[in-house]
Structures are given as C-alpha cells and as structure tokens.
Amino acid sequence: MRIGIGHDTHRLEEGRPLLLGGVRIEHSRGLVGHSDADVVLHAVTDAMLGAAGLGDIGDAFPDTDPANRERDSADFVRETLKRLVLDHWLVVNVDVIIFAQEPKLGPVKEEIRRNLARLLGIEESAVNVKAKTGEGVGAIGRAEAISCQAAVLIDR
C-alpha cells in the first residue's frame with residue numbers, strides 16, 4: 001500500500017465556468033488555468049501520481065504543452081489511472097477537502113463524490129468529499145481562489 005497527497009489552487013474570475021470534481025457548478029465566477037482548472041481533479045491526479053512515485057501533475061501534464069490548453073481535467077485522472085493499472089496499482093480510497101468561501105458546496109458534495117467514484121472505478125463509499133471555508137482569511141477567505149487537498153491510497 002502507498003499513499004499520495006495532492007494540492008491545487010486556482011483563482012476565480014468572472015465569465016469562466018466553475019468545475020469541481022468534474023461537476024459544473026452554477027456560480028458567477030470560475031477557476032482560471034491552462035486546462036479547465038478543476039482543482040479537485042488536479043489534486044486527485046497529483047495524489048495518484050505521488051502514491052505511485054510518478055512525479056507530479058506538472059511533470060505528467062505540463063502547462064507548457066499546447067495539448068493541455070483548455071483540456072478536460074478528467075482526462076488527467078483517466079490517463080493517470082491507466083498508468084497506475086499498467087503497473088498493477090488500484091485505487092483503494094480517496095479523501096478530498098475543497099477550500100472555498102463561495103459558493104457553498106454542501107448541496108453538490110454528493111455529486112462530486114459520485115463523479116470521482118465513477119472516474120476512478122471505485123465504490124462511492126471509498127470516496128469522501130469535505131468542504132471548508134477560509135473564514136474570511138487569505139485568498140480563499142476573500143473568495144479570490146479555490147483550493148483542494150487530496151489523499152489517495154493505492155494497493156497492488
């Protein structure tokens with residue numbers, strides 16, 4: 001068994017779609033990044049790569065590669081999962097914390113959980129999604145950005 005951790009942060013901007021865990025969330029602002037800027041899928045990808053000793057998301061899917069421009073972050077998860085499976089690793093469970101002052105994520109946590117389980121091919125009970133605010137502190141608390149931390153356990 002191995003565990004990996006991942007983290008990602010992107011700033012919010014008017015006129016962009018907000019995607020978290022592959023789920024589109026109605027909000028006036030979305031995350032800015034080279035790909036679709038889905039911090040949840042980026043953190044999960046990073047955690048999977050770390051658990052398998054395969055570097056990080058910047059190594060695997062660099063923002064200097066035009067192929068990753070506006071790319072669906074679910075592709076990062078699927079491609080990373082294929083790499084793990086080729087090396088006989090399976091995802092056991094995933095735990096994520098989304099840090100966002102707004103929008104309130106309570107109503108969409110289950111949908112994010114279901115989508116992560118579907119993407120990873122694991123039971124919903126093996127995925128946990130938590131949401132925290134920034135309590136008015138820093139870029140998260142001022143609603144300037146959204147972050148995510150993820151832990152992924154893998155086993156052969």
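## His 42, a buried histidine

In this predicted model, His 42 is a buried residue, because its relative accessible area is 7% and buried means under 20%. His 42 belongs to helix α1, an element that covers residues 39-51.

Which residues is His 42 in contact with, leaving aside its neighbours within four places in sequence? They are Asp 8, His 10, Ser 35, Asp 36, Ala 37, Ile 57, Ser 73 and Phe 76.

## The largest pocket

The largest pocket holds about 220 Å³ of space. Its lining is made of 14 residues, and the closest to the pocket's centre are His 10, His 42, Ile 57, Phe 61 and Asp 63.

Three elements, β1 (2-14), α1 (39-51) and α2 (57-60), each give two or more residues to the lining. Of the elements, β1 gives the most, with three residues. When the lining residues are sorted by class, four are nonpolar, seven are polar and three are charged.

## The overall fold

The protein contains five helices and seven strands, and from the N terminus on its elements follow the order β-β-β-β-α-α-α-β-α-β-α-β. Among the contacts between residues at least 6 apart in sequence, 71% join residues that are at least 24 apart.

How does the protein's radius of gyration of 15 Å agree with what a compact globule would have? For 156 residues, a compact globule would have a radius of gyration near 15 Å, so the protein's value agrees with that expectation. The C-alpha trace spans about 40 × 35 × 25 Å along its principal axes. Buried residues account for 49% of the 156 residues, and the accessible surface comes to about 7600 Å², with 50% of that surface belonging to carbon and sulfur atoms.

## Backbone details in the loops

Most residues other than glycine have a negative phi, and most peptide bonds are trans. Pro 103 sits in the loop between β5 (90-99) and α4 (109-120).

Two residues show a positive phi without being glycine: His 88, where phi is near 70°, and Glu 135, where phi is about 50°. His 88 lies in the loop between α3 (73-86) and β5, whereas Glu 135 lies in the loop between β6 (127-132) and α5 (138-141). Are these two residues buried or exposed? His 88 counts as exposed because its relative accessibility is 60%, and Glu 135 counts as exposed because its relative accessibility is 67%, the cut-off for exposed being over 50%.

Conventions:
Residues numbered from 1 in each chain as written. Predicted model: local features only at pLDDT ≥ 70, side-chain atom pairs only at ≥ 80, totals over all residues. Heavy atoms only, no water. 1 Å grid on protein atoms, 1.4 Å probe; cavity = no way out; pocket = protein on both sides within 12 Å on 5 of 7 lines; lining within 4 Å. Points joined across faces, edges and corners; volume = space filled by probe spheres on them. Helix = DSSP H or I, 4+ residues; strand = E, 2+ residues; numbered from the N terminus. Nonpolar A, V, L, I, M, F, W, Y, C, P; charged D, E, K, R; others polar. Rg over C-alpha atoms; globule rule 2.2 N^0.38 Å. Buried < 20%, exposed > 50% of the residue type's maximum accessible area, 1.4 Å probe, protein only. Contact = heavy atoms within 4.5 Å. Areas by Shrake-Rupley, 256 points an atom, 1.4 Å probe, with all protein chains shown as cover.
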